[in-house]
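Take a moment with the sequence and the model before reading on. The paragraphs below walk through the fold step by step.

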Amino acid sequence: MLPILDICHALDPVAFARERLDFQPDPKQALVLASRSKQVILNCTRQWGKSTLTAAQAVFTAWHEPESLILVMSPTERQSGELVRKAAAFLSRLGVRRRGDGGNKISLLLPNRSRIIGLPGNEAGDRGFSGVRLLLVDEASRVDEDLYLAMLPVLAVSGGDIWLISTPFGRRGFFYRAWIEGGPGWQRVKVPATECPRIRPENLARDRIAMGDRWFRQEYLCEFAANEETLFPEELVRKAIKYDIQPLFTN
């Protein structure tokens, strides 16, 4: 049986992060950690601490749910490994030494048989999992679309949760579609740099000049900027589409 303190923390992930992991989330981070939504999409500024936040969520789930499987999907193996490394650092604060699961290159095995696995970022290496409790998609706007679609079935039977975490990357891809038209099933959280207490205003002013308006709005203000390579503005194309035109020929 879990100690009373652990039972309380199992019901309060924010308290668990603060008291057991020594991670002090800011108000928006605490909002995300406390979410009970099955589908979370986090549209956040660069340097907000999304990987640290995601690692804390992975450890919270693995610690309190024995034999649970948490998958971390990123554009590259290196990025997945970085997030798992942060999860390992949190586990060390719980007195758990780093140990792999024996079958996956980037993995953590907890004493309760829960696993946190970082995926390599290719379809061949990411397939084959089942019973997934939590799928964390880091830098989601830059994850290959086919890879994401190939991974969704890992939640079909388990009914596990999914988090999409990213800064925007144009008006394209599954991250953009989930944010814009994914429906009420997604809990959407937007965190521009102006709401991050760790980013200095003077640095934002400097980067706005260096980066230009489009990149600044995308990287810091979480806006889905129009793709520069398109010949016509997206809004013009949308206005040109008509759905009430009758076909010229019918069977």
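What follows goes from the sheet to the helices, then to the cores and a few single residues.

This is a predicted model, in which local features need pLDDT of at least 70, side-chain atom pairs count only at pLDDT 80 or more, and totals for chains, interfaces and linings use all residues. Residues are numbered from 1 along each chain as its sequence is written, and side-chain values use heavy atoms, with hydrogens and water left out.

Start with the sheet. Seven strands form an open sheet with mixed pairing, in the order E3-E4-E2-E5-E6-E1-E7. Strands (E, at least two residues) and helices (H or I, at least four) are DSSP runs, numbered from the N terminus. Two strands pair if DSSP finds at least two bridges between them. Strand E3 (107–109) and E7 stand at the edges, each with a single partner strand, so one side of each has no neighbour in the sheet. From one strand to the next, the twist averages 10 degrees.

Now look at strand E1, residues 39–44. Five of its six residues are buried, so E1 is largely enclosed by the rest of the structure. Buried means under 20% relative accessible area, exposed over 50%, and partly exposed in between (1.4 Å probe, protein chains only). E1 runs parallel to strand E6 (residues 161–166), and five bridges join them. There, valine 40 has tryptophan 163 as its bridge partner. Five bridges also join E1 to strand E7 (residues 187–191), again in parallel. Leucine 42 is paired with valine 189 in E7.

Elsewhere in the sheet, strands E2 (residues 69–73) and E4 (residues 115–118) run parallel, joined by four bridges. Leucine 69 has arginine 115 of E4 as its bridge partner.

Helices lie across these strands. H4 lies across E1, E2, E4, E5 and E6, at about 170 degrees to E5. Helix H5 (residues 77–93) lies across E2, E3, E4 and E5, at about 155 degrees to E4. Axes are lines fitted to C-alpha atoms, for helices over the stretch in contact, and angles run from 0 to 180 degrees between N-to-C directions.

Next, the nonpolar side chains. In soluble globular proteins, nonpolar side chains tend to be buried together. A nonpolar core is a set of buried Ala, Val, Leu, Ile, Met, Phe, Trp, Tyr and Cys residues joined through side-chain atoms within 4.5 Å. The largest has 46 residues, and Leu21, Phe23, Leu42, Val59 and Ile116 have the most contacts inside it. Helix H4 (residues 50–64) gives the most to this core: seven residues. Apart from it lies another core of 26 residues, including Val132 and Trp186. Beyond four places away in sequence, leucine 42 touches residues including Trp48, Leu53 and Phe175 (heavy atoms within 4.5 Å).

Glutamate 139 is found in the loop between strand E5 (134–138) and helix H7 (145–151). Glutamate 139 is buried, with a relative accessible area of 15%. Its side chain makes a polar contact with that of lysine 50, at 3.3 Å. A polar contact is a pair of N or O atoms within 3.5 Å; within protein, one must be able to donate a hydrogen and the other to accept it, and residues adjacent in sequence count only if both atoms are side-chain atoms.

Finally, which cysteine sulfur is nearest to that of cysteine 44? It belongs to cysteine 222, 6.4 Å away. That is too far for a bond, since a disulfide is a pair of cysteine sulfur atoms within 2.5 Å. The count of disulfides is zero. Cysteine 44 is buried, at 0% relative accessible area, and cysteine 222 is buried at 2%.
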